[in-house]
Amino acid sequence: MTSTHLLIGLGNPGSKYAGNRHNAGFLALDAIQKKYGFRTESSKFGGLVSEGAVDGQRVLCFKPMSYMNLSGEPTLALVQFFKIPLSAITVFHDELDLQLCKVRVKRGGGAGGHNGLKSLDAHLGADYRRVRLGIGHPGDKDMVSDYVLHDFGKEERANFDALAQNMAVHLPLLLANDEAGFMNQLAVASGRLSV
């Protein structure tokens, strides 16, 4: 194996939150771990860690178990232990400002009001790759907290699960830093003509 990549999924721990829109990052990692037969998750560094290989590259998956707003501290502990550079870190998180199942990838930038990203930025710096997973917006900023902490609807969840599976299939493009190719493949898979 030639390199180590760290994939971080943002969410909240516990069965109460498992199907929430805010846990889109956890759901994305679940699909990746299943697709590539990662080892069973173990509890370390204040989160759940799993390891596997994708196209001959070592990949670590990490879900902080500190609740969303405090994601940075456990993540920093893991990053320091494995000496992983920011350039090798990809964070999967829910994004209110994108329609459901739209995906955008970018490196660096602001947290956009996302408390999980704010915590990561404070502990790691901001120059990691972000995979923004669209969950849609309730239409009123006063409804946001309630919206993100509720489960996907049945059809929404089916669509999101299909997206997560497609992300897992095309993960090698992301690990090869072909973000445009990754997004294009997801657009093709979802039947859209453009990203």
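Modeller: Contact here means heavy atoms within 4.5 Å. Keep that in mind for this predicted model.

Biologist: Which strands does helix H1 lie across?

Modeller: Helix H1, residues 24–35, lies across E1, E3, E4, E5 and E7. Its direction runs at about 145° to E4. Helix H5, residues 154–169, also packs on the sheet. H5 touches E5, E6 and E7, and makes about 155° with the direction of E7.

Biologist: How do I read the sheet itself?

Modeller: Strands of a sheet pair through backbone hydrogen bonds, either parallel or antiparallel. Here the sheet is open, with seven strands in the order E2-E3-E4-E1-E5-E7-E6. The pairing is mixed.

Biologist: Why is one side of E2 and of E6 left without a neighbour in the sheet?

Modeller: E2 (42–44) and E6 (103–107) stand at the edges, each with a single partner strand, so one side of each has no neighbour in the sheet. From one strand to the next, the twist averages 30°. E2 and E3 run antiparallel, joined by three bridges. Ser42 stands opposite Val49 in E3.

Biologist: And how do I read pockets?

Modeller: Rolling a probe the size of a water molecule over the atoms shows where empty space is left. The largest pocket has a volume of about 470 Å³. Its lining has 24 residues, and the closest to its centre are His22, Leu96, Gly113, His114 and Asn115. The lining divides into eight nonpolar, ten polar and six charged residues.

Biologist: Which element gives the most to the lining of the second largest pocket?

Modeller: H5 does, with six residues. That pocket has a volume of about 180 Å³. Its lining includes Leu27, Asp30, Arg157 and Asp161.

Note on methods:
Residues numbered from 1 in each chain as written. Predicted model: local features only at pLDDT ≥ 70, side-chain atom pairs only at ≥ 80, totals over all residues. Heavy atoms only, no water. Pairing = 2+ DSSP bridges. Helix = DSSP H or I, 4+ residues; strand = E, 2+ residues; numbered from the N terminus. Axes fitted to C-alpha atoms, helices over the stretch in contact; angles between N-to-C directions. 1 Å grid on protein atoms, 1.4 Å probe; cavity = no way out; pocket = protein on both sides within 12 Å on 5 of 7 lines; lining within 4 Å. Points joined across faces, edges and corners; volume = space filled by probe spheres on them. Nonpolar A, V, L, I, M, F, W, Y, C, P; charged D, E, K, R; others polar.
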